[in-house]
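Here are some friendly notes to read alongside the model. Please keep the viewer open and look up each residue as you go.

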Amino acid sequence: MRRILEVTGLRCTNCGADYPVDVHLHACVGCLWPLEVSYLPAKGDSATIRRVLGEARRMWDFSGFLPIHDPRNIISLGEGGTPLLPVPYFSREGLSVFVKNEAANPTGSFKDRPLSVITSLAREHGVKTVVTGSSGNAGVALAAYAAAAGLRAVIIVPETAPREKLMAIKMYGAKIIMIKGTSSQAVTIAGELSAAKRWLNATTTFQNPFGVEGDKTVAYEIAASLGFKNPHYVLIPIGAGPLLAGCYRGFQDLIDWGLSKTMPRLVAVQAEGCAPIYRAFQEGTETVRAWEKPETIASGIADQLLGYETDGSLTLRLLKKTAGSVLSVSDKEIVESTMLLAEKTGIFAEPTAATSVAGLRQMVRSGTLRAGETVVCLVTGSGFKDIQKMKDYLRIEDIPVVPPSVEEVARLCADDE
Ligand SMILES: *Cc1c(COP(=O)(O)O)cnc(C)c1O
Ligand SMILES: [Zn+2]
């Protein structure tokens, strides 16, 4: 495919300092803020770019927009191209609600996008070992893509990570180490280990700026699905916020290229039990402080940001630029939304991923949304990889067991016509 974006290097998201591409550089040397990949202005006219974006079916159909030069280095399992599904149940009073179902990715979460880019980068730069600190999904995705790439993967997770995710990581043959600590601590250890051993740090906080490049394709896909008429709101479950930053970047690209007119308001959703970015937003400060003790069913976004608080400050800055906001949702709202989403749409999300729907319900209740508006909820990961948590609510021990006779079964189905 024709190259539309040419990489020039890395740029500080805060002070604008420029750096050459260096896969071992994880923050601005001057101000310690996260870096982003910088590009030359896009090559090609609006019509050509629009056609390429409109015809894409999978993430690497955007390869001309992604920072991997040699197509032979691309590690793909068929990620991206996830469905944008209308949800009639929520689309009342002239409101159009869509779910972008990221559970449809190869390992069941949007993390396949950043890790497909990052493992391709490892291959392009001849790195042999990749490491991540993760609450689970990024670990599963890295393990899978490292297997496909023939890379050695080391995954560091908190001991609270869902068992299903641990098993998936082992299944893909990665090395897994559990710490008696939080996701944030796993992230920090992965960072230090990568620096000491010159391993590629694949952690999908902002430590690896290339991950956001994979995330931006979510915005390209949403825009293309809606004929480049951007939604009014996009609701995004956030930990540190690279997915939100990717959405910002993708939608901004489309505006820069003259394909869309408006930037959607990006609404970040955090869990009440770990909401450092929400707290800063409420307090009206620009500086995010680490959260003391994460306690929520939404383990995939239980990110304290301890030691990398600027990640949160960057996310806050970006969402404010879109006139967006931050919501916080309780575990009760999360569980209800997870079940409602499954029952009303057929999408089984993990609790973390249904926080966007919990956020939507808050916005509906508070009357924020108006007739004629379009809202997209990102459902970021599959419930099949975090199923044990729903045990108490599903009560499978109450399922009736009867002798194997049609009469017995029919008797229990008396009410179902
Ligand atoms: C990682 C993750 C998030 C949060 O994404 P960030 O880019 O880290 O903010 C949300 N949902 C799920 C299911 C995740 O695995
Ligand atoms: Zn800087």
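1. Let's begin at the ligand. A polar backbone atom of Leu 243 sits 2.9 Å from an oxygen atom of ligand 1, a polar contact, meaning a pair of N or O atoms within 3.5 Å. Taken alone, ligand 1 exposes 380 Å², and the protein buries 95% of that (accessible areas by the Shrake-Rupley method with a 1.4 Å probe).

2. Before going on, a word on the ground rules. This is a predicted model, where local features need pLDDT of at least 70 and side-chain atom pairs count only at pLDDT 80 or more, while totals for chains, interfaces and linings use all residues. Residues are numbered from 1 along each chain as written, chains are lettered from A and ligands numbered from 1 in the order written, and side-chain values use heavy atoms, without hydrogens or water.

3. Back to the ligand's surroundings. Gly 241 has a polar backbone atom 2.8 Å from an oxygen atom of ligand 1, and for Ala 240 a backbone N or O atom lies 3.5 Å from an oxygen atom of ligand 1. In total 16 residues surround ligand 1, with Lys 111, Asn 137, Gly 239, Gly 241 and Thr 380 the closest (a residue counts if one of its heavy atoms lies within 4 Å).

4. Which residues have the most contacts inside the largest nonpolar core? They are Leu 53 and Phe 65, in a core of 92 residues. Helix 3 (residues 137–149) gives the largest share, nine residues. A second, separate core has 32 residues, including Val 329 and Leu 341. Such a core is a set of buried Ala, Val, Leu, Ile, Met, Phe, Trp, Tyr and Cys residues joined through side-chain atoms within 4.5 Å; buried means under 20% relative accessible area, with a 1.4 Å probe and protein chains only.

5. Now try Asn 101, in strand 5 (residues 96–101). Helices (H or I, at least four residues) and strands (E, at least two) are DSSP runs, numbered from the N terminus. Asn 101 is buried, at 11% relative accessible area. Its C-alpha atom is 9.7 Å from that of Phe 348, 247 residues apart along the chain.

6. Finally, find the open sheet of three strands, ordered 2-1-3 with antiparallel pairing (strands pair if DSSP finds at least two bridges between them). Strand 2 (18–19) and strand 3 (35–39) each have a single partner strand, so one side of each lacks a neighbour in the sheet. Five bridges join strand 1 (residues 7–12) to strand 3, where Leu 35 is the bridge partner of Cys 12.

Notes:
Buried means under 20% relative accessible area, exposed over 50%, partly exposed in between (1.4 Å probe, protein chains only). A polar contact is a pair of N or O atoms within 3.5 Å; within protein, one must be able to donate a hydrogen and the other to accept it, and residues adjacent in sequence count only if both atoms are side-chain atoms.
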